[in-house]
Amino acid sequence: MEQQKVRAPIPLAEGLHDARVLEVGFMTAWLPAIPVIAVAAGLLFIPGWAAARGLRFVGFQAVGLAPVFSTAICGAFGVFYGAVGIRWSPWTFALALVVSAAAAFGLGRIPAIRGIAKPAPPRSASRRVVSVVTALSIAAAALTGGARFVQLFGAPDNIAQVFDNVFHLNAIRYIIESGNASSLTLASFQGQSGLEAVYPAAWHTFAATIVEITGADLQVAENCLNLVVGALAWPLSCVFFVRTVISRHPVAIFAAAILSVGQIAFPFLMTVWGPLFPYALAVSLLPVALGIVAVLVRVSVDKTDSLWKWAIALVVAVGGMGTAHMSSFNALIALAAPLLVLAWWRYRRSVQTWTMRSKRVWVFAIVSVAVPLFVLLSWTKIRPALYENWGPTARSGAAIGEVLTNSTMHEAPAWIISILAISGVVAGLREKKHRWMIASYAIASGLYVVDAAWSKGFWRDFLTGTWYQDTYRLAALLPVLVTPLAALGALLLWRQGLAVVLPRIERQPRVRKAIPVALAALAVAVSFFATALGPVGEYVERSKPVYSLDENSAILSKQELALVKRLPKTVPDGAKIADNPWNGSSWAYAFGSRDVLTPHLFAGPDIERSLISRRLKFTPSDPAVCEALRSENVNYVLDFGNRYLLNLPASTDYPGVTDIGDRPGFQEVDSEGTSAKLYKITACG
């Protein structure tokens, strides 16, 4: 690390004044974004909550299922509208909400799904406490996590200057302009077709809808959506899992909520690495889907509910996660594998009492063969093509140590969360119903260790190819199990603490009543140290340059952005701009609403595009070049110079549209600073 410059100490009064000025400026910058955040939360919760209520889910169940249901509605209707030619808009999203809620209400009236009608139990004091603690815990997690995201983003209009965001922002613009939000065709704006055009569109559709409702800039909608996903939907999902599977004890609920935002691996790592925003949405929903499977296998807290409606909820959840990011399906299979084995084992024991003539025996035999075949087919087919750009990052022992200390990808250990998670493993071993979680945690850990430590080859690709053999993505799966295990560990320590302390003060009623309050205060303090003062703060502070918008930004500088935003005035609608995507000029589509020749860094092969990109500057009047320009409808060139996001060989594949200068055949139309220039191509008449 670079040594920090020595700075003279600031007088206390002056330092406080500077801090107040920074705080006021910081809050002023984010005040206009509050309505955008509210809209993002509304889109992510209201449609799904209405559908969940229609299926007869009540109370916190409906709230917990809301994000994954909303994502499913967004993704499914995006595909449907794209297939039948209906334009996606806030109004058609509202129509999707109404149709989904009505369909759910209709299903909820079916007796098998509705279940046996039971009188509502009286709302006891303990139930009210659980409800209040749940709300306060999620609010505390949202504030804590939201503050970290605000710290990371800096300002709501800053841009994630990282590789994949070139695609994400342009994809949002594509949905807004084309009205096509289908996951089957999202990548078509890059010139892809068929299976290559398939890309999960739910996250981009949410962002596009936020832009259309609020009129916010694309990056503001993007940042606000990611804040809601990471600081609200993710803690809510973790609390849903804990309340559904482990316990409704206030300590477990509070621990799950607050510790969920105290880990680097998720949700913060995915907003920096990549950035993998759609994947982050899918992972944030994964605890809910895993909790639903646990209900169906009957290892949940409440075993009296109708299984049919939970089965429908699982189908919807899988659809939601799949249209957020397709790798989530195999992630669910991997983490739910112990539950599937448990369910199989239970039925296998009952099969011994059946006769061979029983249909149930044959159904069991068929399922025993069909399910593993389906899992194998999914594992080998629902994945990208072989991608081995990322090799191992650690030795096996070091990778195991990273898992145990929650320091994946060589980050600082999260000691408090690690101690609580290990305590949770101990508690899980004691309670038979929780052992499957330990097995799931072992699977997630094993996948990470394989990818972090094994050499490239068949087995590494077979086991982790679903995630591009990308260790960062596998690190993000660990908090899905670490968080509930830490909550279980916190509950174990709480109960042991009470067991030790209470007998010693049996004859002191006043002190006895104060002990739970004191322990609760201790739990809050420990959680504060685990989150606010844990390794997340240092990671976020170190990662802030990723979202900086200045003259040294990795993709787009302030000068370049200013020029791009003037494109609607300088370039006619319908004209296309030649660009080098590695220097940021492809964001002319996202921020300038003008088509570009190469919208992404890894654009598909195209002869005419390649000809223009390589030869335009050198032979602008060549008949072949002019014919390619006419065929592609290219009339302009956006030249942002030769400062590239990454100095990879692919960045040099565009010499014909880079550093044009005063060459003949080009007329300068607009410029900003010394490196951002827009030219009109005049060589072909």
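A contact is taken here as heavy atoms within 4.5 Å. By this criterion, residues 24 or more positions apart account for 73% of the contacts in the protein chain with a separation of 6 or more. The model is predicted, so that local features need pLDDT of at least 70 and side-chain atom pairs count only at pLDDT 80 or more, while totals for chains, interfaces and linings use all residues. Residues are numbered from 1 along each chain as its sequence is written, and side-chain values use heavy atoms, with hydrogens and water left out.

The protein chain holds 27 helices and five strands, which are DSSP runs numbered from the N terminus (helices: H or I, at least four residues; strands: E, at least two). Of its 685 residues, 53% count as buried, that is, under 20% relative accessible area, with exposed meaning over 50% and partly exposed in between (1.4 Å probe, protein chains only).

Patches consist of residues with over 30% relative accessible area and no salt bridge, like charges being joined within 9 Å and nonpolar side chains (Val, Leu, Ile, Met, Phe, Trp, Tyr) within 5 Å; a salt bridge is a side-chain nitrogen of Lys or Arg within 4 Å of a carboxyl oxygen of Asp or Glu. A patch of positive charge includes Lys-303, Arg-346 and Lys-433. Lys-433 sits in the loop between helix H17 (415–430) and helix H18 (435–453), and counts as partly exposed because its relative accessibility is 43%.

Phe-80, Val-84 and Ile-86 make up a nonpolar patch. Ile-86, in the loop between helix H3 (59–84) and helix H4 (90–108), is partly exposed because its relative accessibility is 34%.

Technical notes:
Accessible areas come from the Shrake-Rupley method with a 1.4 Å probe; for residues, only the protein chains shown count as cover. Lys and Arg count as positive and Asp and Glu as negative; His and the chain ends are not counted. The place of a charge is taken as NZ of Lys, CZ of Arg, CG of Asp or CD of Glu.
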